[in-house]
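My notes follow, in the order I took them.

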Amino acid sequence: GWDRPLDLSSVTALAKSGDDPSWAEPDLRTEGWAAIPLVRNYRKAHPEWGPVVWYRFSIRLPESSPEEPLTLNLGKIADFDSCYFNGHLVGENAEYRSTPPDELFDLVREYKVPVSALKTGEENLVAVRVDNRGRSAGGFLSPRLTLSRGYAAAGRLDRSELSNLVL
């Protein structure tokens, strides 16, 4: 059920360097993609990879359907990201392209997943495009990632949050 958040921290994702919008599609063939832990600095594991890396992982949802949108908490990501749930864009921070990347990596990503995008009792695909152009480690930086009932945060980062950053 949805009594507590689904912990995604130990998920192994498939990842690939490069940039192709079709990589968000659920039916994509992923032969040749690298299996890596989701919470990891990809630049240490794959120094040959370029600045854009796609991650794909599946989440098996409970049989019961939630009555409200879910919150996908991806923690901190270095630097820019776009997140797709079963092929539907659920959040991104691409509108901050003019912001220095080193000001974005410290923002927690929480994205609203509408009930209409969910496949209860089945595997659900999450695809995340990460564009790391700053000096920080690339990829997912937080130790705890979750999918939970309810939604409290804005689906997109609020530009006013940037003025509150302490670097």
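**Leu38.** I started with Leu38, which sits in the loop between β3 and α1. Helices here are DSSP runs of H or I with at least four residues, strands are runs of E with at least two, and both are numbered from the N terminus. Leu38 is buried, at a relative accessible area of 0%. Buried means under 20% relative accessible area, exposed means over 50%, and partly exposed is in between, with a 1.4 Å probe and protein chains only. I listed what Leu38 touches, leaving out residues up to four places away in sequence: Leu8, Val11, Ala13, Tyr55, Phe57, Phe140 and Leu145. Contact is counted when heavy atoms are within 4.5 Å.

**Ground rules.** I noted that this is a predicted model, where local features need pLDDT of at least 70 and side-chain atom pairs count only at pLDDT 80 or more, while totals for chains, interfaces and linings use all residues. Residues are numbered from 1 along each chain as its sequence is written, and side-chain values use heavy atoms, with hydrogens and water left out.

**His46.** Next I went to the loop between α1 (42–45) and β4, where His46 is found. Is His46 buried or exposed? His46 is buried, with a relative accessible area of 17%. Setting aside residues up to four places away in sequence, His46 touches Ala34 and Ile36.

**Strand pairing.** I then followed β2 (residues 12–17), which runs antiparallel to β3 (residues 34–37) and is joined to it by four bridges. Two strands pair if DSSP finds at least two bridges between them. β2 also pairs with β4 (residues 52–60), again antiparallel and over four bridges. Leu14 has a bridge partner in each: Ala35 in β3 and Arg56 in β4. From β4 I moved on to β9, and nine bridges join these two antiparallel strands. Val52 stands opposite Asp131 of β9. I also checked how covered β4 is, and seven of its nine residues are buried.

**Cores.** Which residues touch the most other members of the largest nonpolar core? They are Tyr55, Leu72, Phe85, Phe140 and Leu147, in a core of 32 residues. At least two residues of this core come from each of β2, β3, β4, β5 (70–78), β6 (80–85), β8 (108–113) and β9 (123–131). There is a second, separate core of seven residues, and Trp33, Trp54, Tyr84 and Ala127 are among them. A nonpolar core is a set of buried Ala, Val, Leu, Ile, Met, Phe, Trp, Tyr and Cys residues joined through side-chain atoms within 4.5 Å.

I picked out the peptide bond from Ala78 to Asp79, which is cis with omega near 5°. Asp79 is in the loop between β5 and β6. Asn86 is not a glycine, yet its phi is positive, at about 50°. I placed Asn86 in the loop between β6 and β7 (88–92), and Asn86 counts as buried at 10% relative accessibility.

**Ser148.** Last, I looked at Ser148 in β11 (residues 146–149). Ser148 is buried, with a relative accessible area of 15%. Its contacts, leaving aside neighbours within four places in sequence, are Pro5, Leu70 and Thr71.
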